[in-house]
Amino acid sequence: MRCCCENGKIDHLKMEGDEGADPFWCKKCGCNLDIEDIPISGELTKELTLWIAAYGNWIDWENDKLRIDAIELEKRFNQTGVRLMECVKKELGSSYTIEFIPSTTVVMYS
């Protein structure tokens with residue numbers, strides 16, 4: 001697994017949802033990392049892929065406004081993200097530091 005850092009060595013990851021991107025980023029350079037390059041189980045990769053596909057379900061993209069239940073939907077998305085991050089931490093061990101960045105889209109729209 002490589003990133004855009006000068007030395008290409010990744011030891012600090014951030015995990016966050018974003019439209020059309022995999023959930024892992026190099027914390028130092030901001031490079032989006034291919035989920036398939038993260039040394040985690042296939043089952044966890046599948047769960048993370050489903051989680052990231054749910055990003056933005058609280059937004060009515062066609063009308064560029066929040067859905068009625070946006071606060072609750074985003075809250076559940078973030079809670080699931082925290083749970084999945086703990087699973088990732090467990091599988092990666094001490095090789096990487098990982099930080100979860102919660103979605104704050106509802107606040108941005110408000």
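**Starting from one isoleucine**

Find Ile 59 first: it sits in strand β4, which covers residues 59-60. Keep in mind that you're looking at a predicted model. Is Ile 59 buried or exposed? Its relative accessible area comes out at 2%, and since anything under 20% counts as buried, Ile 59 is buried.

So what does Ile 59 touch, once you skip the neighbours within four places in sequence? The contacts are Lys 65, Leu 66 and Arg 67, plus Thr 105 and Tyr 109.

Now zoom out. The chain has three helices and six strands, and reading from the N terminus they come in the order β-β-β-α-β-β-α-β-α. Among contacts with a separation of 6 or more, 57% link residues 24 or more positions apart.

How does the overall size look? Along the principal axes, the C-alpha atoms fill a box of roughly 45 × 30 × 20 Å.

Last, the inside and the surface. Of the 110 residues, 39% are buried. The chain exposes about 6600 Å², with carbon and sulfur atoms supplying 49% of that. As for charge, there are 13 positive and 20 negative ones, and their mean positions lie 5 Å apart.

Methods: Residues are numbered from 1 along each chain as its sequence is written. This is a predicted model: local features need pLDDT of at least 70, side-chain atom pairs count only at pLDDT 80 or more; totals for chains, interfaces and linings use all residues. Side-chain values use heavy atoms; hydrogens and water are left out. Helices (H or I, at least four residues) and strands (E, at least two) are DSSP runs, numbered from the N terminus. Buried means under 20% relative accessible area, exposed over 50%, partly exposed in between (1.4 Å probe, protein chains only). Contact means heavy atoms within 4.5 Å. Accessible areas come from the Shrake-Rupley method with a 1.4 Å probe; for residues, only the protein chains shown count as cover. Lys and Arg count as positive and Asp and Glu as negative; His and the chain ends are not counted. The place of a charge is taken as NZ of Lys, CZ of Arg, CG of Asp or CD of Glu.
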